[in-house]
Amino acid sequence: MQSGTVRFKFSGEPIEARAGETLLGALWAAGRAEGLQAGCDGGVCGACTVTVRFDDGRPGGTDLACMRLVEAGMEVFPCPVEPVAAKAPACGPSPESLRAAYPTLDRCTQCRSCTTACPMDIPVMDSVLRMQRGEWQAVAEDFTTCIHCGLCRLVCEDKVQPHNMGLWVRRSMALAEETVPAAPDPGAGEWAWLLDGDREERLRRATEFRRDGKVPA
Ligand code: SF4
Ligand code: SF4
Ligand code: FES
């Protein structure tokens, strides 16, 4: 083996890669692009999910192949996560509406597997507990960087679906914000007055407004 070369296994097959390459880059260079889904090649889309093990007992886990660098002795397996249909958001999350959409919420056994699996370092389990307590703002912030790779769902033996719930909370909060009536714009009356009439009239009004600093009562 040349120096600067790393040997790892992908789905059981040995592959040689340049040290410092990502797993995804190494697979492409080895002509194995068809072995793994990929999208952005930048840690954003969540398509390239893999499980990683080591033949010498080092701890492995789940990761994104476009971000994880090759290491000697790695055993890598693709783990595409099946999409699940999104549940319609409610207008503002409440404990009742979240539990109606996701009855899985209270199944969490606090095993922490989801937090360990998350490639974005999101405190997934803690966020599930925040959902149970209705701490919506914190939940929305937790999932700001979620790329919806689905790994937290894949590893959850209790089928809690944490990231689907996190997305639902964010959408439900956004829906509530959209339906709040807009506050009256204090400048709207001034603009209406300034934009009224033909060009000459608008010019006259603008001059008057500049002079008086207000529109006529
Ligand atoms: S993997 Fe599932 S059961 Fe375990 S902490 Fe996460 S949500 Fe809870
Ligand atoms: S919270 Fe779940 S879906 Fe989101 S990035 Fe982490 S593991 Fe992926
Ligand atoms: S290819 Fe998009 S996250 Fe890896």
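**Close-up views of the domains and ligand shells**

**View 1. Domains of the chain.** The domain assignment, which is automatic or taken from a database, divides the chain into domain 1 (5-78), domain 2 (95-179) and domain 3 (185-217). This is a predicted model, in which local features need pLDDT of at least 70 and side-chain atom pairs count only at pLDDT 80 or more, while totals for chains, interfaces and linings use all residues. Residues are numbered from 1 along each chain as its sequence is written, and chains are lettered from A and ligands numbered from 1 in the order in which they are written.

**View 2. Where domain 1 meets domain 2.** The centres of domain 1 and domain 2, taken over C-alpha atoms, are separated by 28 Å. Nine residues of domain 1 are in contact with nine residues of domain 2, contact meaning that C-beta atoms, placed from the backbone, lie within 7 Å. On the side of domain 1 that touches domain 2, strand β4 (residues 61-64) gives the most, with four residues; strands are DSSP runs of E with at least two residues, and helices are runs of H or I with at least four, numbered from the N terminus.

**View 3. The shell around ligand 1.** Of the 15 residues around ligand 1, those that come nearest are Cys-108, Cys-111, Cys-114, Met-125 and Cys-156, where a residue is near if its C-beta atom, placed from the backbone, lies within 6 Å.

**View 4. The shell around ligand 2.** Ligand 2 is surrounded by 14 residues, of which Cys-118, Cys-146, Cys-149, Cys-152 and His-163 are the closest.

Technical notes: Two residues are in contact if their C-beta atoms, placed from the backbone, lie within 7 Å.
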